[in-house]
10 protein chains.
Amino acid sequence: MTKIEMTEEIIIAKKELGLSWEDIASKVDISPVFLTSACLGMNSLLKDQAKKVCKVLKLGKEVAITLQEFPHKNWEKTIPTDPVVYRFYEIVGVYGDTIKELIGEKFGDGIMSAIDFSMDIDKEENPKGDRVVITMNGKFLPYKSW
Amino acid sequence: MTKIEMTEEIIIAKKELGLSWEDIASKVDISPVFLTSACLGMNSLLKDQAKKVCKVLKLGKEVAITLQEFPHKNWEKTIPTDPVVYRFYEIVGVYGDTIKELIGEKFGDGIMSAIDFSMDIDKEENPKGDRVVITMNGKFLPYKSW
Amino acid sequence: MTKIEMTEEIIIAKKELGLSWEDIASKVDISPVFLTSACLGMNSLLKDQAKKVCKVLKLGKEVAITLQEFPHKNWEKTIPTDPVVYRFYEIVGVYGDTIKELIGEKFGDGIMSAIDFSMDIDKEENPKGDRVVITMNGKFLPYKSW
Amino acid sequence: MTKIEMTEEIIIAKKELGLSWEDIASKVDISPVFLTSACLGMNSLLKDQAKKVCKVLKLGKEVAITLQEFPHKNWEKTIPTDPVVYRFYEIVGVYGDTIKELIGEKFGDGIMSAIDFSMDIDKEENPKGDRVVITMNGKFLPYKSW
Amino acid sequence: MTKIEMTEEIIIAKKELGLSWEDIASKVDISPVFLTSACLGMNSLLKDQAKKVCKVLKLGKEVAITLQEFPHKNWEKTIPTDPVVYRFYEIVGVYGDTIKELIGEKFGDGIMSAIDFSMDIDKEENPKGDRVVITMNGKFLPYKSW
Amino acid sequence: MTKIEMTEEIIIAKKELGLSWEDIASKVDISPVFLTSACLGMNSLLKDQAKKVCKVLKLGKEVAITLQEFPHKNWEKTIPTDPVVYRFYEIVGVYGDTIKELIGEKFGDGIMSAIDFSMDIDKEENPKGDRVVITMNGKFLPYKSW
Amino acid sequence: MTKIEMTEEIIIAKKELGLSWEDIASKVDISPVFLTSACLGMNSLLKDQAKKVCKVLKLGKEVAITLQEFPHKNWEKTIPTDPVVYRFYEIVGVYGDTIKELIGEKFGDGIMSAIDFSMDIDKEENPKGDRVVITMNGKFLPYKSW
Amino acid sequence: MTKIEMTEEIIIAKKELGLSWEDIASKVDISPVFLTSACLGMNSLLKDQAKKVCKVLKLGKEVAITLQEFPHKNWEKTIPTDPVVYRFYEIVGVYGDTIKELIGEKFGDGIMSAIDFSMDIDKEENPKGDRVVITMNGKFLPYKSW
Amino acid sequence: MTKIEMTEEIIIAKKELGLSWEDIASKVDISPVFLTSACLGMNSLLKDQAKKVCKVLKLGKEVAITLQEFPHKNWEKTIPTDPVVYRFYEIVGVYGDTIKELIGEKFGDGIMSAIDFSMDIDKEENPKGDRVVITMNGKFLPYKSW
Amino acid sequence: MTKIEMTEEIIIAKKELGLSWEDIASKVDISPVFLTSACLGMNSLLKDQAKKVCKVLKLGKEVAITLQEFPHKNWEKTIPTDPVVYRFYEIVGVYGDTIKELIGEKFGDGIMSAIDFSMDIDKEENPKGDRVVITMNGKFLPYKSW
């Protein structure tokens, strides 16, 4: 079973059971972002987590095994076209050097890790229109001479 | 005066005065992220804000005028090479579809605006290594039929 | 059922029934542009709209469900090759900076939204050759400091 | 004098005189879109028009000559990065095939000319936020066998 | 039936009947270039023309219908690799600016239409080696201010 | 003197003397297309031809020498953006395989040379709008086994 | 039968019979380079040659017909990745201008034909390590004014 | 002194002295291909060779030093546009897999080195038109397991 | 059997038998890196090695034959997206010129071969977090004039 | 002073003093690879290290300041062309998936850091030709759910 077949089975089961990603995540007791990314084939789950996902979605053993495999993180489009994703690409283009300046100023020469990393997506209700709030939290990794 | 010449003058003045972006931002009373992005030529300031920046940095009228001009937001590299910026590009690639799924689930069909938008960059102290915390806050814009 | 399979079924049914996009749109009571874009998989319909489309085209429940799904807006070609579409790409290249100047002049620093947006396509009869008239209407979104 | 030098001189003069593109256009008696595109080096003016522009902006003969030259219409970025311009690129990607379908349905096999073409940009006041209205008007050119 | 399936059926029938493109074109009474381009899926035929092609090639109704559909003109390779086609790409690169200069000089600012357009391909016999003669004929479209 | 400097000098001289490319070509007694391409730096002239060009344009010896140098034929844009040149790129995309089929049918397996090659550009007067007529004439080169 | 299917059949037959490309070439009496390129779908054979190949490889009539068809010469990768092929791409990059200089010096302004062309690949035994010797032989084609 | 400045000085001196690359090479006693590539900045010379080149061309010490520096071998164009160089790129595309097959057959799994490598360019006189003969000679490097 | 089918069979067998690449490599008595690369279709094995692999994995003769075939080394992505592989691409970008400088300083003008080459991957235990140690060993190949 | 100007001054001083990168590194007491990368503008030095470099090279204060600045790590070429650097790009392409498999097998799902990272370049003398030995040492960073 490939990661793509796994994702298809998960999405069909999820629709049939009328569950949201947040429902599944709260039953497995991990963050909705991590759970969704694993189900879309972009992260791997631990054995226990994978089993719980399959129990919630009433899926077989093969899905559980495939959820534990280490994924190849591939994306087709160098520049995303979907407007939801493109806006984040645009933010990286517009604010990338600003982020670099401010990380340098606060932490020294180094980067924010994208591996030792977590992300949350929240809804902020607002009478002028609700707002999406995304929080990224990554370990600072300093450059060191040797 | 081009935006590039403006940025060069600002950076030289900032170094000579030993000021950080956060120092300047607190004196102008806007967010460090927005202030830095405007000084790097990626946003425009209001007249008052621009004047304050120039007063803080002891820079002339031309810099203040150029800070108010509406910038062309250009970035050279389709895929950024600097590791600080690339890690954010990677996050968009790995988590882009996850973000789309969860915004869809929480808000319906639509996007997070990158224009009606703000960002903060914070330092979370941690004995295992400090962490970079980035918070993005953008208005949800729904697709509507007509 | 994928969006692509949905589009194929719709196009076959449309041909067999000898209906135009405008016919279908007037029966569903939405704009022909929005209706066509949803049937081509580039927008989602509300439940009622989707049901009406399927009633008009004598299509099953699965098409109606797929019409309601939030699409991934993907286009294969960075630069379109079909002459109809390329001419619009050319217009963006030739007049893009002009549009930016005039929006800036009339509205201030900001953009025209492509999400809170509508478009109409009309025919202007003309003895020297009929003319295509396209009207785009998008909300102005101002940049704001924070 | 190159078109780029011409544009620089025009923009400096325009700023010093405090004129908008619409001001200049109304004095030369052509559309603001066409006038702006010619001043940005993307179209050529007739002799009389070019002279009037230079009179309004108090510019010399060389600018008038250069405004009459037939431009090479070049744009650097295959995919525009500035958010104002990118949104139009996105519209072409999302609605390109829809436009092709509806032109085909209304006119037959053919294209909208981007040469025998005009465009207007208007402001629609709206209590929920003003709106940008762009009208494109191009001659339909049918494909014909030979 | 897609245009690709249509082309495959036509090519098989043409081989079996031992007909050349010129044979078919003369029976349908249109130019060999236009006939070939329509059979390769790059142009559409009128009803009568399509029926005649199918009669000559002993092909069914579906091919005739597909020949009348308005094609999406797509080519895979930005830069063609086949030497026959590449040489024409090279000619455009080497002589493109020359053509622009001479059209400008003879006609004024404008373009040669690729839609209101015809092409012929002839053989010029020559003792030093036969020569290919290609004649393109397109309407001049002037740029006009508005 | 580089080819670019040569072209600049030629264009300035041509403007000052009010000569067209056709005027110069007829005095040098070569085709306007070849003459123009050599002056734009895309072909080299023989000594006599180069001297005549410089005599007609009242230019010095260095221009004559540079006109004789073998050029590096470079074009910046993989896909041309100027509408005049793009239309020819589009013709290659739309009709490339058609040309290949018909050359194959008339001549056998081989190509039309782009080196042993000539081109003419003519104006066909037409009450419905004048037409550009371009004739390309290149030697057929057959593939041969060895 | 496509060229790709043809190549697959030839390679399977060649393996089963334990023949090398050189064996086949010597029986068909053409050069191994040309024979191999035709079997890989990059050149066409004459009727007699095609029949001999099929006799040697015990393959049917369809392979013989397909070997005679004029191929579309396509390669997927703009820059080859396989190390054997990449090294030749590198040689073109490193020595391309050198080749141009020396052809210009020996022959005048012109090119080496890649159509009226042959190539041989030989093995030079050498105690320090055997060497690959590749000889290319192409007709010089001069540029000529017209 | 950069390699580019070095090349410019060499080419000017070479023209003034009326020397060919072959003349210089024979006086320095290395191959014309290697000599030319070093003078174009794509290879480095030994001290003695560099001094001889400068003596022949009456150039100063700085050129001699720069000729000895190890070059960065860069070429701007992924796909060359100049017809002389493109034809070699085309040969790599058309015959690359053929070369791989025949090297594999004659030598085993491995490559022809582009470093332990030499090339010669010769003229073969021929009444039907002279021919360019290029001979490449590179060490075979086998893949080995470890 | 293609290399891709071969890899799939090997990976399924490996999972079922619960073997690691290191297990297989130690039984075949070659390096884990080479063994893995051959099983992924990027290198070829000798007859004996291929047979042993198939014996260990209980796979048939066809896998053994395919393991011996000379592979086409292709990778889809010009810039890898998977974070594991991208980090090495980044290292090449950041340290490439440094490597060139130091090889030049220690060895003279030349390269490290990627063919006469071996690599090892080791684990260095470390209380602050284990470390990956990669050792590359390639023959120095000097450039030589001829 | 930009990083590029800094590198130029360092290289000139290094040549004049006849020092190698290894000489400088041993005097500053850091690794030659890190020292070279900092001097080429790809890493930053600590104050003390920067001062020592300038003392060794007899360079002024500005170079020392620039050496301490946090660099933007940019490389021009997506695919390097210089053969020294390309071979490493090729190694990443050929062995990237192998490295991913073996890191996964030895460490679990995660990456080798390119930030918490060191590299050494050594010479292994060998009668059959000296060998380049490159050792990379990077911290393993595991993926963790949250």
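Which residue of chain A comes closest to the rotation axis? In this predicted model, the residue in question is A:Thr135, whose C-alpha atom lies at 2.2 Å from the axis.

## How chain A and chain B are related

Chain A can be superposed on chain B by a rotation of 180° with 0.0 Å of shift along the axis, and the RMSD of this superposition is 0.0 Å. That is the relation of a two-fold axis. The contact between the two chains takes 67 residues from chain A and 67 residues from chain B. Because 100% of the interface residues of chain A are also interface residues in chain B, the copies meet through the same surface.

## Two interfaces

| Property | Chain A and chain B | Chain F and chain G |
|---|---|---|
| Residues in contact | 67 residues from chain A and 67 residues from chain B | 31 residues of chain F and 31 residues of chain G |
| Buried area | about 6,700 Å² | about 2,700 Å² |
| Buried area on carbon and sulfur atoms | 68% | 64% |
| Salt bridges | 6 salt bridges | 0 salt bridges |
| Polar contacts | 36 residue pairs | 12 residue pairs |

On the side of chain A that touches chain B, the elements that give two or more residues are helix H2 (21-28), helix H3 (32-39), helix H6 (83-107), strand E1 (110-124) and strand E2 (131-142) of chain A. The largest share of that side, 24 residues, comes from H6(A). Sorted by class, the side of chain A that touches chain B has 34 nonpolar, 13 polar and 20 charged residues.

Turning to the other pair, chain F and chain G bury about 2,700 Å² between them, with 64% of this area on carbon and sulfur atoms. The residues of chain F that lose the most area to chain G are F:Ile115, F:Tyr143 and F:Trp146, which together make up 31% of what that side buries. Across this interface the rule finds 0 salt bridges, while 12 residue pairs are in polar contact, both residues of each pair being at pLDDT 80 or more. The elements of chain F that give two or more residues to the side touching chain G are helix H3 (32-39), H6, strand E1 (110-124) and strand E2 (131-142). Here E1(F) gives the most, with 8 residues. By class, this side of chain F has 13 nonpolar, 10 polar and 8 charged residues.

Other pairs of chains in the model do not meet. Chain B and chain E do not touch, and their nearest C-alpha atoms are 19 Å apart; chain C and chain J do not touch either, and their nearest C-alpha atoms are also 19 Å apart.

## Three residues seen one by one

Is F:Asp97 buried, partly exposed or exposed? F:Asp97 lies in helix H6 (residues 83-107) of chain F, and at 41% relative accessibility it counts as partly exposed. Apart from residues up to four places away in sequence, F:Asp97 touches E:Leu40, E:Val85 and G:His72.

In chain H, helix H3 (residues 32-39) holds H:Ser37, and H:Thr36 lies in helix H3 of chain H as well. H:Ser37 counts as buried because its relative accessibility is 0%, and H:Thr36, at 0% relative accessibility, counts as buried too. With neighbours within four places in sequence left aside, H:Ser37 is in contact with G:Tyr95, G:Thr98, H:Met42 and H:Asn43. The C-alpha atoms of H:Ser37 and H:Gly18, which are 19 residues apart along the chain, are separated by 19 Å.

For H:Thr36, the side chain reaches the backbone oxygen of H:Pro32 at 2.7 Å. Not counting residues up to four places away in sequence, H:Thr36 touches G:Thr98, G:Glu101, G:Leu102 and H:Trp21.

How values were computed. Residues numbered from 1 in each chain as written. Chains lettered and ligands numbered in written order. Predicted model: local features only at pLDDT ≥ 70, side-chain atom pairs only at ≥ 80, totals over all residues. Heavy atoms only, no water. Least-squares fit on C-alpha atoms with pLDDT ≥ 70 in both. Contact = heavy atoms within 4.5 Å. Helix = DSSP H or I, 4+ residues; strand = E, 2+ residues; numbered from the N terminus. Buried < 20%, exposed > 50% of the residue type's maximum accessible area, 1.4 Å probe, protein only. Buried area = accessible area lost by both parts, 1.4 Å probe. Salt bridge = Lys/Arg side-chain N within 4 Å of Asp/Glu carboxyl O. Polar contact = N/O pair within 3.5 Å; in protein donor to acceptor, adjacent residues only side chain to side chain. Nonpolar A, V, L, I, M, F, W, Y, C, P; charged D, E, K, R; others polar.
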